[in-house]
Amino acid sequence: MAISRRNFVVRSTVAGAGLLVGLRFSGPMLLSQESEKAKKKGPVNPFDAYIHVHPDGNISLIVAKSEMGQGIKTGLAMILAEEADVDFNAVSVEQAETRPDIYEHMGTGGSGSTMENFMPLRRAGASVRELMITAAAQKWNVPKTECEAKQAIVRHTKSSRHATYGELVDAASKLPLPDPEKVPLKNESQFDLIGHATPRVDIPSKVNGSAGFGLDVRVPEMVFAVVARCPTFGGKPLHFDASKAKAVPGVRDIFEIPALGKDMYTAGGIVVVADSTWAAMKGREALQIDWDRGPAASESSAILRQSLRTAASKPGKRIRNDGNVDEALPSSAKRVEAVYEFPHLAHATMEPMNITVHARAGEAEVWAPTQSPDWVQRTVAKLLDLPSQKVIVHTTLLGGGFGRRYMADYPAEAAQIAKVVGKPVQLVWSREDDMTHDFYRPAACHRMRGAVNQAGHPLLWSHTITSTSIGAFWGSPDKLEESEVGGAKQMPYTIRNVRLEYSAVPSSVPPLWWRSVEHSFNGFAVECFIDELAAAAGRDPVEFRRGLLVKPANWKPKDEDDPDPARLRGVLDLAAEKVGWSKPLPKGKGRGIASYHSFGSYIAEAAEVTVTGKDFKIDRIIAAIDCGQVVNPESVRAQAESAIIYGLSAALKNEITIKDGAVEQSNFDGYDPIRIDEAPPIEVHILKSKEDPGGMGEPALPPAAPAVANAIFAASGQRLRRLPFQLKT
Amino acid sequence: MAPIQLLINNSPHEVEVDPDTPLLWVLRDKLNMTGTKYGCGMGLCGACTVHLDGQAVRSCQTAVSSVASKKITTIEGLSVDNSHPLQKAWIAEQVPQCGYCQPGQIMSAAALLAKTSRPSDQQIDSAMGGNLCRCGMYQRIRRAIHRAAGEGA
């Protein structure tokens with residue numbers, strides 16, 4: 001396999017059939033010598049994906065990106081087809097097999113799939129086109145500059161000759177690679193696919209029941225398993241009586257599996273294996289188990305809330321400190337203080353956690369709805385005492401991910417079970433298992449302090465965040481704030497004195513990234529508090545924000561997450577224009593706005609609400625988006641609608657509470673997401689942009705709740721500072 | 001366990017299961033008809049919706065013994081080629097994201113349109129209120145139902 005100078009693209013023939021181009025999406029680029037050395041040392045290969053141009057001219061993109069509804073298989077095919085200059089339908093995206101020796105980076109998350117892949121895929125696609133043009137030019141013995149590629153055909157107009165990519169692929173595969181950094185890319189005006197709404201390739205199978213999710217895996221001889229886990233975190237079975245459970249028709253086996261610690265975080269428990277899911281569930285119901293409820297049996301949300309409030313009133317680790325927030329204020333200054341509170345939240349994907357594992361002699365096969373197939377592979381291999389390469393992981397469609405399906409807990413349990421069972425076994429989590437043994441969005445309390453002067457200008461911004469820490473959970477004591485302060489640290493408004501502090505509060509409730517991670521609460525705190533300052537200043541919330549979004553002539557981002565004030569102002573203006581910000585509303589109605597940057601995208605949302613006593617209704621949401629260059633506008637719109645509804649479910653209704661060490665909600669009765677009659681109409685507007693693509697899976701979420709809270713204030717004068725919202729009469 | 005005769009999508013099936021077994025698990029685990037989804041097991045999310053003699057029911061709450069004499073329709077029986085007006089409308093409006101809830105959504109919508117050929121927004125709310133979509137595609141679902149109704153589902 002020849003490796004090019006910058007090690008960006010490699011090409012080779014695969015078994016004499018077609019052209020193979022390897023490309024790399026992330027991480028440092030290796031020099032070829034280093035890579036050659038690394039190859040000799042062990043199974044290291046710098047590529048994340050391969051493009052295979054087949055002799056029939058069709059192209060496969062082999063990539064490890066999980067499809068969980070974001071439309072990534074469509075978006076990636078569009079980018080590649082665009083630059084390779086082939087028909088969109090000629091490109092198929094195949095799920096890569098789990099081979100860390102070939103595919104280095106396999107995770108799907110952080111809204112990153114388009115952001116990371118856009119330029120590498122364009123360059124790789126353009127390299128394919130360039131190779132085809134070169135092969136044709138050599139074949140006809142004409143200058144390359146006289147040849148043109150379009151729709152998988154290279155033409156030499158002067159001599160009226162043409163050849164298809166399929167006819168050229170053999171010759172192309174023997175050519176040296178073009179330098180990927182210099183290969184000519186199309187300019188925007190030449191785009192036929194990028195930026196044009198394209199129907200998603202995964203949708204037809206999703207309207208007739210044929211789409212294969214994890215729970216739909218059916219393997220000959222397979223059996224089904226459920227696990228009875230201790231309701232409290234850290235508890236375990238003392239002893240159990242399985243006699244009644246064994247009498248349930250269809251139940252085959254009952255045994256205990258131990259809890260697993262670091263990196264897996266399983267609860268352990270009593271496994272019931274049966275011929276069907278239902279028999280396994282009935283068997284579990286018939287188990288009699290005495291639990292040792294463990295060290296966290298007295299934890300409660302009420303106590304945690306007090307701990308968070310106490311911590312928020314004390315100094316924390318200083319994250320940002322501009323000017324001096326303690327400097328003396330003029331006596332005429334208006335002071336504003338607010339405390340915002342956020343509960344634990346469950347991911348509650350529609351498809352509960354599940355996985356199918358078949359442990360055989362010396363190897364294993366896994367079918368997993370996962371965001372991290374390589375982690376599944378490592379976990380299963382470790383527990384089955386197999387080398388990683390002896391574990392094949394098939395990534396199925398995911399019935400929702402939202403961060404939850406990054407985890408390796410359910411794969412670890414399934415490996416423990418498969419080792420005993422010896423047959424293919426599908427581990428099924430019931431909805432109750434899923435809700436009571438999730439990894440939860442941290443609970444948090446934010447204390448904000450600010451002041452405005454008589455002229456209505458803010459003098460200070462002091463923000464103290466306390467939360468249960470994702471960093472603490474992963475055992476990084478020096479990085480407790482790592483997944484807790486983003487967006488608050490980059491608070492974009494120009495205020496001379498700014499301070500951000502963070503402190504973690506211990507809890508036995510396992511925390512995790514939940515759609516948009518810390519931005520789900522930091523966006524609320526920042527965008528509600530700026531609204532509170534605007535009100536204290538007696539200024540219009542849009543005008544107030546605009547005045548503070550100042551981009552100096554020599555502006556440079558302080559870090560990669562630092563927002564460009566002009567782009568933030570751009571979406572703020574667009575949302576205000578589209579909602580008709582200055583038009584008066586009747587009494588009882590209100591309008592609110594929030595603008596926020598996360599995952600590389602800028603999104604402002606405006607909400608209109610009607611408040612009647614203790615009730616309110618969201619009349620509509622307008623979203624204005626600058627996510628840089630857009631690949632598939634249809635996917636951008638759909639992701640925005642989705643993230644807004646997901647965020648509003650948390651704002652309006654959802655809360656996970658702990659009592660006696662256990663989660664109190666167990667199904668959609670206690671944790672009921674927004675339903676069709678509660679879902680407001682959403683209007684999405686996309687700004688034209690030439691900037692690099694930003695993410696879209698998450699960033700429309702953070703502005704939704706504060707826009708609604710600010711609208712409720714405008715309508716009723718009530719500030720909602722605790723989620724989920726509860727109005728007073 | 002006496003065998004139970006079922007008529008699913010116009011095909012006869014015979015299963016030997018505990019008569020209390022929910023239809024959902026008979027479809028999924030015994031007959032490998034996995035289009036009908038498990039979401040909550042309590043009739044709260046609608047992912048398991050099928051038709052019994054044309055009525056939308058939650059198959060997770062329906063004992064298999066109670067449906068022996070009824071005509072059962074699942075998502076696989078709606079059409080063989082995505083030609084049902086609702087399937088066409090679902091594609092045209094690009095409704096699904098993760099797609100897991102969509103078989104249940106479509107079956108609820110099909111039962112609605114069979115009774116009410118031109119449903120109002122309120123009628124859609126009440127017929128579809130039992131179907132959760134965690135990807136939040138509700139306004140697309142609403143549009144798709146109106147579109148299919150316009151095309152005479």
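Reply: Ground rules come before the features. This is a predicted model, where local features need pLDDT of at least 70, side-chain atom pairs count only at pLDDT 80 or more, and totals for chains, interfaces and linings use all residues. Residues are numbered from 1 along each chain as its sequence is written, chains are lettered from A and ligands numbered from 1 in the order in which they are written, and side-chain values use heavy atoms, with hydrogens and water left out.

Me: How many residues of chain B are in contact with chain A?

Reply: Contact means heavy atoms within 4.5 Å. By that rule, 50 residues of chain B touch 60 residues of chain A. Buried area is the accessible area (1.4 Å probe) that two parts lose on being put together, summed over both. Here that comes to about 4600 Å², with carbon and sulfur atoms giving 58%.

Me: How many salt bridges cross the interface of chain B and chain A?

Reply: Side chains of opposite charge can pair when their charged atoms come close. The rule asks for a side-chain nitrogen of Lys or Arg within 4 Å of a carboxyl oxygen of Asp or Glu. It finds five across this interface. B:Asp29 and A:Arg218 form a salt bridge at 3.0 Å, N to O.

Me: Which elements of chain B supply at least two residues of the side that touches chain A?

Reply: Elements are DSSP runs numbered from the N terminus: helices are H or I with at least four residues, strands are E with at least two. On chain B, the elements are helix 1 (23-30), helix 2 (85-92), helix 3 (102-115), helix 4 (121-128) and helix 5. Helix 5 of chain B gives the largest share, five residues. Now sort by class: Ala, Val, Leu, Ile, Met, Phe, Trp, Tyr, Cys and Pro are nonpolar, Asp, Glu, Lys and Arg charged, and the others, Gly among them, polar. This side of chain B has 24 nonpolar, 16 polar and 10 charged residues.

Me: Which parts does the salt bridge of A:Lys186 and A:Glu82 tie together?

Reply: Their side chains meet at 2.8 Å, N to O. A:Lys186 sits in the loop between helix 4 (165-172) and strand 10 (223-228) of chain A, and A:Glu82 in helix 2 (residues 72-84) of chain A, so the pair joins parts 104 residues apart in sequence. Over all chains, the search finds 64 salt bridges.

Me: How many cavities of 30 Å³ or more does the search find?

Reply: Rolling a probe the size of a water molecule over the atoms shows where empty space is left. On a 1 Å grid over the protein atoms alone, a cavity is a set of points where a 1.4 Å probe fits but cannot get out; a pocket is an open set with protein on both sides within 12 Å along at least five of seven lines; lining residues have an atom within 4 Å of a point. Points join across faces, edges and corners, and volume is the space filled by probe spheres set on them. There are two such cavities.

Me: What lines the second largest pocket?

Reply: This pocket holds about 590 Å³. It has 21 lining residues, with A:Phe616, A:Lys617, A:Ile618, A:Asp677 and A:Glu678 nearest its centre. Strand 26 (615-626) of chain A and helix 5 (138-150) of chain B each give two or more.
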